Amino acid sequence: MASVGFQFKHFYIEHSQCAMKVGTDSIMLGSWIAPQASKNILDIGTGSGLLALMLAQKTAEDCNILGIDIDSNAVLQAQINAKNSPWEPRLTFAHLPLQTLRHQSALAQKFDLIMCNPPYFAENHKTNQQNAAKQNMSRIQARQVGALTHTELLQQVDFHLAQSGSFYCVLPSDTSNAFIENALKQGLFLQHQIQVRSTEGAKIIRQMMKFSRYSTQAQCDNLVIYTQPKQYSQQYIELCKAYYLRF
């Protein structure tokens with residue numbers, strides 16, 4: 001069977017068994033994250049392992065990365081992608097929900113950096129039943145907040161994040177303000193946000209966000225993906241050039 005995936009400059013992501021395929025959101029987020037001197041990184045909802053491999057590429061050899069997911073097929077796919085990469089010894093993938101990570105003595109710790117491309121649609125059981133025959137149910141679950149609400153996500157991030165650590169995520173713009181307010185209730189303060197537009201003058205479609213435990217004036221920047229259809233902006237190229245084969 002021919003592989004189904006995405007070739008980056010230094011690694012290949014096979015994603016045929018994953019609910020969520022390689023997409024712009026994760027590529028932008030992984031490119032933007034600044035790991036500094038992180039030694040321990042947690043990737044929540046790792047899927048194919050894309051974010052984990054992106055961070056492995058730009059971290060030191062003593063940095064270890066754990067990816068977790070509730071989809072067993074995705075975890076197996078991530079393990080294969082890691083094995084085929086230059087960084088397998090530093091990558092671990094586990095099939096478990098975030099809510100139980102604290103009880104896994106071999107895996108639980110305080111992380112210097114936590115990252116997530118979280119689900120963002122409200123769960124609709126009736127729609128799910130109607131769509132289940134037409135769509136991959138794993139994909140539906142991966143895009144909806146039923147298995148892990150944003151409140152639960154932020155509570156778990158608060159538990160697992162080191163005192164000086166950072167939390168990165170990406171969300172649609174219409175859910176980001178509520179998420180920022182929710183994070184504040186957990187003692188997580190917005191440090192930096194990137195407002196993403198598909199083209200100049202278009203509405204904001206995504207917000208990439210960085211949180212920490214320290215209150216400060218948040219920095220806000222903008223990113224435009226395309227200058228015209230199928231033509232990436234120079235700004236986007238500069239952001240992602242360490243990964244995209246064509247840049």
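Author: In this predicted model, residues 24 or more positions apart account for 71% of the contacts (heavy atoms within 4.5 Å) that have a separation of 6 or more. As a predicted model, it is read with limits: local features need pLDDT of at least 70, side-chain atom pairs count only at pLDDT 80 or more, and totals for chains, interfaces and linings use all residues. Residues are numbered from 1 along each chain as its sequence is written, and side-chain values use heavy atoms, with hydrogens and water left out.

The protein has 8 helices and 11 strands; these are DSSP runs numbered from the N terminus, with helices being H or I of at least four residues and strands being E of at least two. Of its 247 residues, 49% count as buried, where buried means under 20% relative accessible area, exposed over 50% and partly exposed in between, with a 1.4 Å probe and protein chains only. The accessible surface comes to about 12100 Å², and 49% of it belongs to carbon and sulfur atoms; the areas come from the Shrake-Rupley method with a 1.4 Å probe, and for residues only the protein chains shown count as cover.

The serine in question is Ser 212, found in strand β9, residues 204–212. Ser 212 counts as buried because its relative accessibility is 7%. Apart from neighbours within four places in sequence, Ser 212 is in contact with Gly 165, Gly 187, Leu 188, Phe 189 and Gln 191. For Phe 189, 23 residues away along the chain, the C-alpha atom is separated from that of Ser 212 by 5.4 Å.

Gln 191 is also joined to Ser 212 by a side-chain to side-chain polar contact of 3.0 Å. A polar contact is a pair of N or O atoms within 3.5 Å; within protein, one must be able to donate a hydrogen and the other to accept it, and residues adjacent in sequence count only if both atoms are side-chain atoms. The side chain of Ser 212 also reaches the backbone nitrogen of Tyr 214, at 3.1 Å.

Two loop residues complete the picture. Most residues other than glycine have a negative phi. Gln 36, in the loop between α1 (24–32) and β3 (40–44), has a positive phi near 50 degrees. Lys 230, in the loop between β10 (219–228) and β11 (231–232), has a positive phi of about 65 degrees. Gln 36 counts as exposed because its relative accessibility is 70%, and Lys 230 is exposed with a relative accessible area of 78%.
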